[in-house]
Amino acid sequence: MADEANRTAFLEIQGRMIETTGKLKQVQTQMRSKEAEKKRAYLTMEELKQVPDDTNVYKSIGRMFVLETKASLMNEQDKKFKDGEASVTTLQSSKEYLEKQMAEVESNLRELLQQDPGLARQIMSMNVV
């Protein structure tokens with residue numbers, strides 16, 4: 001009876017671990033993407049700063065280029081940069097939360113395996129495909 005309960009608990013913990021790992025990878029991917037957007041916006045702003053104010057500048061929209069003022073492009077890039085920073089901050093807190101959750105799940109798993117050495121032996125003897 002206790003063996004079956006431990007097996008059920010293990011499967012539940014395993015499911016939570018898989019779910020948390022997936023979410024963590026997703027957040028890390030989103031963070032990399034937002035960091036790249038932020039860097040692109042920063043580099044674009046740096047290049048635009050070097051251009052004289054009366055120069056024609058164009059914004060890429062799909063395969064088309066639209067004439068814009070330098071100020072509007074600077075504002076747009078600044079907004080993208082700030083949005084990127086805000087997103088990265090939010091994602092960082094999500095990442096920290098998920099890492100804490102992962103540590104908790106690992107702790108629960110370790111505790112369960114110490115509690116039931118027989119279960120640990122069963123798991124170790126399973127063929128991993």
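Does Lys-49 count as buried or exposed, and at what relative accessibility? Lys-49 comes out as exposed, at 52% relative accessibility. Keep in mind that this is a predicted model. Here's a quick tour of its charged side chains, with 10 salt bridges in the structure.

**Pairs in helix H1**
- Lys-49 has a salt-bridge partner in Glu-46, and their closest N and O atoms sit 3.1 Å apart.
- Glu-46 is partly exposed, at a relative accessible area of 28%.
- Arg-16 and Glu-12 make another salt bridge, this one with closest N and O atoms 4.0 Å apart.
- That pair is 4 residues apart in helix H1 (residues 2-49), so about one helical turn separates Arg-16 from Glu-12.
- Arg-16 is partly exposed, with 29% relative accessible area.

- Lys-79 and Asp-83 form a salt bridge, with 3.0 Å between the closest N and O atoms.
- These two are 4 residues apart in helix H2, so they're about one helical turn from each other.
- Lys-79 is exposed at 51% relative accessible area, while Asp-83 is partly exposed at 39%.

**A buried lysine**
- Lys-95, in helix H2 (residues 70-115), is buried but has no salt bridge.
- Its nearest side chain of opposite charge is Glu-99, 4.0 Å away.
- Leaving aside residues up to four places away in sequence, Lys-95 touches Leu-24, Val-27, Gln-28 and Met-31.

Conventions:
Residues are numbered from 1 along each chain as its sequence is written. This is a predicted model: local features need pLDDT of at least 70, side-chain atom pairs count only at pLDDT 80 or more; totals for chains, interfaces and linings use all residues. Side-chain values use heavy atoms; hydrogens and water are left out. Buried means under 20% relative accessible area, exposed over 50%, partly exposed in between (1.4 Å probe, protein chains only). Lys and Arg count as positive and Asp and Glu as negative; His and the chain ends are not counted. Contact means heavy atoms within 4.5 Å.
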